Amino acid sequence: MDLTFNDLPMDLVELVDPAYAVSGGLDGDVTLRAKKGSSATGNISIKAKDIKLEGEDYEELPTFENRVTASLKDGVLAFQGDVQGLEATSIDISGQLPFDISIVDRNILINESKPVKLELKVDSDINKIWPLLAMDTQEMKGQLVANATVEGTISAPIVAGKARLNDGYFEDVEQGTILKNISLNADVPDADTLKIELSAADSQGGKVTSSGTIDFAKLTEPELDLNIALSNLLAINRD
């Protein structure tokens, strides 16, 4: 199978979910070969261009691009992608997944016991991607550097990662909350635990610090062990 498309309108997404309004176009090339008794092979190259989230909540967000390439061989799907066009922002993802196509069963095969490898890297001024959250009564600034990896298998993943936010600034316009000099260190030292260290100051010299862990061994019942210290913190200021 060979498939090529150009300027496929992304607003077709609204046919699936009318609440998700997005404009832009898709260019792509897809090749796929599959036969009985052999692993499928193929290549994918897709570029989403001039992407724009529509609506007044996203007016300040510029258009951006997304590129994804992938190859399928010997039961492994290897891929990489990135986001371009967002100012002062780098977002990259890559990985390998067990994946095959069965002609006999007309089915997609994903072996949950075979190795997986995923990696996500983010380096961004949060202020440039904050509009994606559509939180127009709040403002956030600061340099965020984060990476996360998933290894192991689909049935038994091993997750690790860390995130750093330096010289952060947060303001809630409605509540009058202002936090400056925000420093956040978050680490996932093992698959079940998130370790957090946070500090910030308000505009009047008050401070907040927090440290501790969140245990996700039971995803539906996370266990929190956090210590929070406040010193003359002006959490709300509506004057």
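Thr153 is buried in this predicted model, with a relative accessible area of 16%, so it falls under the 20% cut-off for that label. Its place is in the loop between β10 (138-152) and β11 (157-172). Setting aside residues up to four places away in sequence, Thr153 touches a run of others, namely Glu112, Ser113, Lys114, Pro115 and Val116.

Another loop residue worth a look is Met10, found between β1 (2-9) and α1 (13-16). Met10 counts as buried too, because its relative accessibility is 15%, under the 20% limit. With neighbours within four places in sequence left aside, Met10 is in contact with Val22, Ser23, Gly24, Gly25 and Leu26, and also with Ala48 and Ile51. Thr137 is another story: 127 residues separate Met10 from Thr137 along the chain, and their C-alpha atoms are 29 Å apart.

On to the charged pairs. Side chains of opposite charge can pair when their charged atoms come close. The structure holds 7 salt bridges. One of them joins Asp27 to Lys49, with 2.9 Å between the closest N and O atoms. Asp27 belongs to strand β2 (residues 22-33) and Lys49 to strand β3 (residues 41-53), so this pair ties together parts that are 22 residues apart in sequence. Asp27 is buried, at a relative accessible area of 19%, and Lys49 counts as buried with 19% relative accessibility. Asp7 comes into the picture as well, linked with Asp27 and Lys49 in a network of salt bridges.

Two further salt bridges involve partly exposed residues. Glu65 and Arg67 meet through their side chains at 3.6 Å, N to O; Glu65 has 22% relative accessibility and counts as partly exposed, as does Arg67 with a relative accessible area of 34%. The side chains of Glu139 and Lys141 form a salt bridge at 3.5 Å, N to O. Here Glu139 is partly exposed at 27%, and Lys141 is partly exposed at 36%.

Leu226 lies in strand β15 (residues 223-231). Its relative accessible area is 33%, so Leu226 is partly exposed and clears the 30% cut-off for patch residues.

Definitions and conventions. Residues numbered from 1 in each chain as written. Predicted model: local features only at pLDDT ≥ 70, side-chain atom pairs only at ≥ 80, totals over all residues. Heavy atoms only, no water. Helix = DSSP H or I, 4+ residues; strand = E, 2+ residues; numbered from the N terminus. Buried < 20%, exposed > 50% of the residue type's maximum accessible area, 1.4 Å probe, protein only. Contact = heavy atoms within 4.5 Å. Salt bridge = Lys/Arg side-chain N within 4 Å of Asp/Glu carboxyl O.
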